[in-house]
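Please read these points with the model open beside you. They go element by element.

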Amino acid sequence: MGKKVTVVGAGFYGSTTAQRLAEYDVFDTVVITDIVEGKPAGLALDLNQSRAIEGFETKVVGATTGPNGEGYEAIEGSDVVVITAGLPRKPGMSRMDLLETNAKIVRQVSENVAKYAPNAVVIVVSNPLDEMTALAQLATQFPKNRVLGQAGMLDTARFTNFVAEALGVPVKSVKTLTLGSHGDTMVPVPSQSTVDGKPLREAMPAEQIEELVVKTRNGGAEVVALLKTGSAYYAPSAAAARMAKAVAEDSGEVMPVCAWVDGEYGISGVYLGVEAAIGAEGVKRVVETDLDADELASLKEAAEAVRAKQGDVASM
């Protein structure tokens with residue numbers, strides 16, 4: 001049977017994710033849903049008309065959904081569901097400012113996913129990311145390995161881009177890593193970062209690395225401030241789509257994602273940004289990366305910071 005993926009939310013993030021997933025041509029069907037009447041159907045029509053030009057066969061289907069679960073039958077049997085639903089940030093807002101509003105939306109979506117796509121792997125991208133991932137798992141009651149969040153892929157891509165730009169080298173010659181949370185307790189990992197195979201710390205001074213770390217941490221806010229009417233979507237959608245592709249192909253590719261950590265790094269019982277092998281069941285395993293003492297201490301601090309907030313979402 002052919003693979004099916006659903007993208008919930010047809011804003012810039014959702015529609016761009018749906019486009020990327022369709023153009024991969026690894027799914028039979030991409031479903032895009034939204035609460036705005038007709039919008040997903042219009043996007044689906046438009047995307048399907050690009051198939052002859054871009055050379056993909058994946059069929060895109062649009063479905064309008066209602067507050068009481070109307071329309072969700074369109075997602076039935078999805079192998080992967082990407083949840084982009086929720087409000088984006090406005091200039092000056094932190095990700096945490098969205099907590100209460102987006103919690104209601106993500107809970108409602110997650111309950112419908114559990115009803116209509118009970119075997120799906122769920123990839124959460126709604127902000128605040130770490131908390132919404134925890135909430136989606138609670139609301140779906142899915143095994144924790146089948147609910148993960150998109151953050152580390154994006155933050156790592158931003159860090160890589162900033163390093164490449166600062167050094168004037170090709171992006172493909174730079175390898176970086178970020179762990180921790182998607183926000184203030186993000187943990188960039190310079191000890192595991194390289195330029196042309198050589199340690200990043202040999203390629204640039206520590207102060208410059210720290211500047212780029214801060215720039216990475218504020219990467220989303222910088223885009224929000226410039227756009228003024230929404231948040232980033234090109235890079236985030238690329239990250240979410242690549243995760244969904246790894247699930248569809250059962251690739252086992254190791255990626256930085258928001259995953260349930262249970263003993264790794266001496267941390268237990270929390271959703272946290274770590275590296276993990278991704279496949280048909282979601283997270284196959286968390287991969288422990290060698291960290292230096294400072295990086296490990298920062299990761300443990302991040303775990304405690306998100307643990308406190310993830311505890312709050314259970315009652316939302």
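1. **Basis.** This is a predicted model, in which local features need pLDDT of at least 70 and side-chain atom pairs count only at pLDDT 80 or more, while totals for chains, interfaces and linings use all residues. Residues are numbered from 1 along each chain as its sequence is written, and side-chain values use heavy atoms, with hydrogens and water left out.

2. **Terms for the fold.** Helices (H or I, at least four residues) and strands (E, at least two) are DSSP runs, numbered from the N terminus. Two strands pair if DSSP finds at least two bridges between them. Buried means under 20% relative accessible area, exposed means over 50%, and partly exposed lies in between (1.4 Å probe, protein chains only).

3. The unreviewed UniProt entry places "domain: Lactate/malate dehydrogenase C-terminal" at residues 154-308. UniProt positions follow the numbering used here, feature names are shortened, and annotations may be inferred rather than shown by experiment. In the model, residues 154-308 are 45% helix and 26% strand. The end C-alpha atoms of that stretch are 24 Å apart.

4. **Helix H5.** H5 covers residues 129-140. For 12 residues that gives 16 Å, and the end C-alpha atoms are 16 Å apart, so the two agree. H5 is mostly covered, with 11 of its 12 residues buried. Among them are Asp-130, Glu-131 and Gln-137. Gln-141 follows the helix, with a positive phi near 65 degrees.5. **Open sheet.** Three strands form an open antiparallel sheet in the order E7-E10-E11. E7 (174-175) and E11 (198-199) stand at the edges with a single partner strand each, so one side of each has no neighbour in the sheet. Two bridges join E7 to E10, at residues 194-195. Val-174 has Val-195 of E10 as its bridge partner.

5. **Thr-176.** This residue is in the loop between E7 and E8 (178-180). Is Thr-176 buried or exposed? Its relative accessible area is 6%, so Thr-176 is buried. A polar contact is a pair of N or O atoms within 3.5 Å; within protein, one must be able to donate a hydrogen and the other to accept it, and residues adjacent in sequence count only if both atoms are side-chain atoms. The Thr-176 side chain makes one with the side chain of Thr-160, at 2.7 Å. The Thr-176 side chain also reaches the backbone oxygen of Thr-156, at 3.1 Å.

6. E12 (residues 253-262) and E13 (residues 268-279) run antiparallel and are joined by 10 bridges. They form a hairpin with five residues between them. In that turn, Gly-263 has a positive phi of about 115 degrees. Ala-259 stands opposite Leu-272. Five bridges join E13 to E14 (residues 282-287), again antiparallel. Two residues link E13 to E14 in a hairpin. Ala-277 has Arg-285 of E14 as its bridge partner. E13 is mostly covered: 10 of its 12 residues are buried.

7. **Aromatic pairs.** Rings of Phe, Tyr and Trp (its six-membered ring) pair if their centres lie within 6.5 Å; planes under 30 degrees apart count as stacked, over 60 as edge-to-face and the rest as tilted. How many such pairs does a search of the whole structure find? There are three. Phe-12 and Tyr-233 are stacked, at 4.8 Å centre to centre and 15 degrees between the planes. This pair links distant parts of the chain, 221 residues apart. Phe-12 is in helix H1 (residues 12-24), and Tyr-233 is in the loop between H9 (219-227) and H10 (234-248). Phe-12 counts as exposed because its relative accessibility is 57%. Tyr-233 is buried, at 18%. Ring pairs link Phe-12, Tyr-233 and Tyr-234 into a cluster.

8. **Trp-260 and Tyr-271.** These two form an edge-to-face pair, with 5.2 Å between centres and 70 degrees between planes. Trp-260 lies in E12 and Tyr-271 in E13, 11 residues apart. They are also bridge partners. Trp-260 is partly exposed, at 26% relative accessibility, whereas Tyr-271 is buried, at 1%.

9. **Charges over rings.** A charge sits over a ring if NZ of Lys or CZ of Arg is within 6 Å of the ring centre and within 35 degrees of the ring normal. The charged end of Lys-215 sits over the ring of Phe-162, 4.8 Å from its centre. Lys-245 lies over the face of Tyr-24, at 5.4 Å from the ring centre.

Methods:
The expected span of a helix is 1.5 Å times one less than its number of residues.
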